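Notebook open, viewer running. I want to go through this one piece by piece and jot down what I look up.

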Amino acid sequence: MPSINNSDFTVLEIDVNDDIDDMLIFNSTNSSMVAALQDNPWYIFVRKFQTVMIPIVCVVGLVGNTLAAGAFLSQALRSTSCCLHLAGKSISDIGFLLSLFIVWLNRLEVPAFTIQGVCQVTVFLIYVSGFLSVWFVVMITCENFIRVSLPGHVVVWCNVTRAKFTILVLILISIGIYSFSLWTTGVIHQSTGAKCLAFEEYEKLVMAMTYVDSILTLAIPLVMVFLNVGIGVGAINAHKRRKRLFQGISRSSSRKKRDSTSPEAKVTKLLFAVSMIFLLLHTPSHVIRIKMMWAQILYKSAPTLCDIILHRVFELMFYLNFSVHCAVYLIFGDNFRAVFKSLYLPNCFKSTPMQNNSFNTYCKRGSETEAILR
């Protein structure tokens, strides 16, 4: 997240205005860590690898998320609530990657991030897009849980009107919470050059909001772990119920094959994959950041060299979380893949985009789904 200062600590700059999360807080007696980092081959390698990978992550992610958003907002898919949440995530990921690219330009000595106005807007966009990306996945996971475990509530909770309202509320909440960055941050000229930092008089506020951000984007969303367990249990129980139902109708292998490839199973697989990829890529960066914060709060100790190197590695994983989801949709989303092909590769594939109507069949179902899963 954006750089923070505190009057009780000295901010160690590993690189001048390097990354979003590069200003690590150290005890004032531990400034020798700078030399240790500069001489450590593992840290040097990880940093150089990051420098090469970040623009690739940004370009791939910007292209992929733009194409994904176009597919989800197409006429074929935009009439379903789950697709609106996935489109919202794609758009918020675009905002984050644009901000990341602006910050990365400082490594090439292109001072875009240190222009007054660009500094504040970039920090604000980082906060808002990061928050929205997390909470869109939370909404997607909640919808998946309802569809699998509470099918009778699908019509009430999983509809386009409620999805649009939820998206609007999340946007307004994020703007309200993170608007502080627009007036607490600015370009500060120091002996080492211009930097985008929090103003000294707002340092405690910025630090407090950093803790709030960690709670909102990690601690609370971890409820997805329990929801995914519930989704797994619900999917197993639903499969057993369908199996008993179909055994009374037909024992043919073709019937079993249709059951295993039902719209419910396909969309559950896609939404489950989205939430699991998010947890795997998103969580480690937050965990190591919280570990370093708590070490300083409780023991007044600086991050270790291992902490900093792991922070760099997990940071790149965190960036990947905003870049890889178009591939996830293509791999696990049959109907998304069909719509994607029809929109962007119409001459290469002759298939009808809605021939496998997983999203519209599943996401619009209410009483039908309930009857099947009982």
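Predicted model: local features only at pLDDT ≥ 70, side-chain atom pairs only at ≥ 80, totals over all residues.

**Overall.** I started with the secondary structure of the protein chain and got 16 helices and four strands. Next I looked up burial: of the 374 residues in the protein chain, 52% are buried. Then contacts. Taking those in the protein chain with a separation of 6 or more, I find that 75% are between residues 24 or more positions apart.

**The hairpin.** I went to strands E3 (residues 185–190) and E4 (residues 193–198). They pair in the antiparallel sense, and I have six bridges down for them. Together E3 and E4 make a hairpin, with two residues between them. Who sits across from whom? Gln190 is opposite Gly193 in E4, and His189 has Ala194 in E4 as its bridge partner.

**H13, buried side.** Which residues of helix H13 (residues 325–332) are buried? I wrote down His325, Cys326, Val328 and Tyr329. They sit on the same side of H13, because the arc they cover around the axis is only 160°.

**H13 against H14.** The axes of H13 and H14 come within 5 Å and cross at roughly 105°. That crossing falls in the 65 to 115 degree range, so I logged H13 and H14 as roughly perpendicular to each other. On the H13 side the contacts come from Cys326, Tyr329, Leu330, Ile331 and Phe332, and in H14 they meet Asp334, Phe336, Arg337 and Phe340. Cys326 and Tyr329 were also on my buried list for H13.

**H2 against H14.** Helix H14 (residues 334–344) also packs against helix H2 (residues 41–72), at an angle of about 100° and with the axes 10 Å apart. H2 and H14 are therefore roughly perpendicular to each other too. From H2 I have Thr66, Leu67, Ala68, Gly70, Ala71 and Phe72, which meet Phe336, Val339, Phe340, Leu343 and Tyr344 in H14. Phe336 and Phe340 are in my contact list with H13 as well.

**Aromatics.** How many aromatic pairs does a search of the whole structure find? I get 17. I picked out Phe131 and Tyr178: their ring centres are 5.8 Å apart and their planes are at 65°, so I filed the pair as edge-to-face. It links distant parts of the chain, since Phe131 belongs to helix H4 (residues 118–149) and Tyr178 to helix H6 (residues 160–178), 47 residues apart. Are these two buried or exposed? Both Phe131 and Tyr178 are buried.

I then followed the ring pairs around H14. They link Phe72, Tyr329, Phe336, Phe340 and Tyr344 into a cluster. Phe72 is among the H2 contacts, and Tyr329 is among those from H13.

Most residues other than glycine have a negative phi. Glu109 is not a glycine, yet its phi is positive, at about 60°. Where is Glu109? It lies in the loop between helix H3 (81–104) and H4. Glu109 has 72% relative accessibility, so I marked it as exposed, the cut-off being over 50%.

Technical notes:
Residues numbered from 1 in each chain as written. Heavy atoms only, no water. Buried < 20%, exposed > 50% of the residue type's maximum accessible area, 1.4 Å probe, protein only. Arc of directions from axis to C-beta. Pairing = 2+ DSSP bridges. Phe/Tyr/Trp six-rings, centres within 6.5 Å; stacked < 30°, edge-to-face > 60°. Axes fitted to C-alpha atoms, helices over the stretch in contact; angles between N-to-C directions. Parallel < 35°, antiparallel > 145°, perpendicular 65-115°, else oblique. Contact = heavy atoms within 4.5 Å.
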